[in-house]
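The structure comes first, and the notes follow by topic.

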Amino acid sequence: MATTHRTKVLILGSGPAGLTAAIYAARASLQPILVHGLQPGGQLTITTDVENYPGFAETIQGPWLMEQMEAQAKHVGTTILNDYIVSVDLSKRPFVAKGDGGDTYIADTLIIATGAQAKWLGLPSEQTWQGFGVSACATCDGFFYRGKKVVVVGGGNTAVEEALYLTNHATEVVLVHRRDSFRAEKILQQRLFANPKIKVIWDHTVDEILGEEGKGVTGVRLKHVKTGATQEVATDGFFVAIGHTPNTELFKGQLPLDSEGYLTTKPGTTQTAVAGVFAAGDVQDKIYRQAVTAAGTGCMAALEAEKFIAHHAHSEAAAADAAD
């Protein structure tokens, strides 16, 4: 049976941004409702070892970290629902969202923390070795490849930046691109070609990621786009760097998006163009894309939502007094 939920703060997304927003909103006695979405826990649930989240001296597991965040959010008073929002109406307040199962959510403020998804090649072997040598984040996982050899696939800014970053750790970085030139900015290309640790393999696609049980990724099989000839390249790690897709389809036509589909916010805030609607985490951050920065913007969004609610409550009380 369909249910109508009413809340001062509705949070969409259950990654670090959404759960941090929930923790802060709940501690402010705003009784937030958080809707999980399609990927409860966000991208960290498909990450194994996490070494760069503050507060943990030893390596922790991504899924465990998200379980702890969710438990904390519940402990301080957040209502967490397993649903998927299929439509939102931001034309007036309170805002109205509809869930996949027919439930309706009515909210005074909305925090969008729906995140972004890494673009993958779509290979079965990519899924097999995901978290065991296959990654889409050099900043997150590059540290694990100190003194090792890695392969990066892609040809845009993301790929070149990832390859350059990985030279801080790996002894050799092989960048594979399906064309004979990069789309990346010229200054980035100059840095890449000048780096002796980087080797480029042109005109090839990745045919399969190779690995061994208990060991993880051991190599990649590449295919020449013109001749069809294949070759195998040994590697300890494989990084997919072909971009990200922000989960903003719901908000097209209602909120401004940049050229890559990310929600735009007022500089230095999480405020969108619609008063009372805030965006946090990877859905509006295409630069850093880290769990800790997502959590930080989740905190910002909750604090801004709290101020927004307090301001409107004061204004409504003043208007009522004037009417008397």
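Val134 stands opposite Phe238 in strand E17, and strands E10 and E17 pair in the parallel sense over two bridges. Two strands count as paired if DSSP finds at least two bridges between them; helices (H or I, at least four residues) and strands (E, at least two) are DSSP runs, numbered from the N terminus. This is a predicted model, in which local features need pLDDT of at least 70 and side-chain atom pairs count only at pLDDT 80 or more, while totals for chains, interfaces and linings use all residues. Residues are numbered from 1 along each chain as its sequence is written, and side-chain values use heavy atoms, with hydrogens and water left out.

- Strands of a sheet pair through backbone hydrogen bonds, either parallel or antiparallel.
- E10, E17, E11, E12 and E13 form an open sheet in the order E10-E17-E11-E12-E13, with parallel pairing. Its edge strands are E10 (134–135) and E13 (198–201), each of which pairs on one side only.
- Strand E11 (residues 149–153) pairs with E17 in the parallel sense over four bridges, and Val150 stands opposite Gly237 in E17.
- From strand E17 (residues 237–240), Gly237 and Phe239 point one way and Phe238 and Val240 the other way; all are buried. Buried means under 20% relative accessible area, exposed over 50%, and partly exposed in between (1.4 Å probe, protein chains only).
- Strand E12 (residues 172–176) runs parallel to E13 and is joined to E13 by four bridges. Val173 stands opposite Ile198 in E13.

- Which residues of helix H6 (residues 186–194) are buried? They are Leu188, Gln189 and Leu192. They cover an arc of only 100 degrees around the axis, so they lie on the same side of H6; the arc is that of the directions from the helix axis to the C-beta atoms.
- The buried residues of H6 pack against helix H5 (157–166), E12 and E13, where contact means heavy atoms within 4.5 Å.
- On the other side of H6, Lys186, Gln190 and Ala194 are exposed.

**Strand E8 and its partners**

- Strand E8 (residues 104–112) is mostly covered, with eight of its nine residues buried.
- Strand E1 (residues 4–12) pairs with E8 in the parallel sense over eight bridges, and Val9 stands opposite Thr109 in E8.
- Strand E7 (residues 95–99) pairs with E8 in the antiparallel sense over four bridges. Ala97 has Tyr105 as its bridge partner in E8.
- The hairpin of E7 and E8 has four residues between the strands, and Gly102 takes a positive phi near 105 degrees there.
- E8 and E19 pair in the parallel sense over three bridges. The bridge partner of Ile111 in E19 is Phe278.

**Helix H2**

- Helix H2 (residues 62–75) has 14 residues, which should span 20 Å at 1.5 Å a residue; its end C-alpha atoms are 20 Å apart, in agreement. The expected span is 1.5 Å times one less than the number of residues.
- The buried residues of H2 are Gly62, Leu65, Met66, Met69, Glu70 and Ala73. Their arc around the axis is only 135 degrees, which puts them on the same side of H2.
- Helix H1 (16–27) and strands E3 (49–50), E4 (60–61) and E5 (79–81) are among the elements that cover these buried residues.
- The face of H2 turned away from its buried side carries the exposed residues Glu67 and His75.

**Aromatic contacts**

- How many aromatic pairs does a search of the whole structure find? The search finds seven. Rings of Phe, Tyr and Trp (its six-membered ring) pair if their centres lie within 6.5 Å; planes under 30 degrees apart count as stacked, over 60 as edge-to-face and the rest as tilted.
- Phe56 and Trp64 have ring centres 5.7 Å apart and planes at 80 degrees, so the pair is edge-to-face. Phe56 is partly exposed at 30% relative accessibility, and Trp64 is partly exposed at 37%.
- Phe278 and Phe308 also form an edge-to-face pair, 6.3 Å centre to centre with 80 degrees between the planes. Phe278 lies in strand E19 (residues 277–279) and Phe308 in helix H7 (residues 291–323), so the pair ties together parts that are 30 residues apart in sequence. Both Phe278 and Phe308 are buried.
- Phe182, Phe193 and Trp202 form one aromatic cluster.
- The charged end of Arg146 sits over the ring of Phe143, 3.8 Å from its centre; this requires NZ of Lys or CZ of Arg within 6 Å of the ring centre and within 35 degrees of the ring normal.
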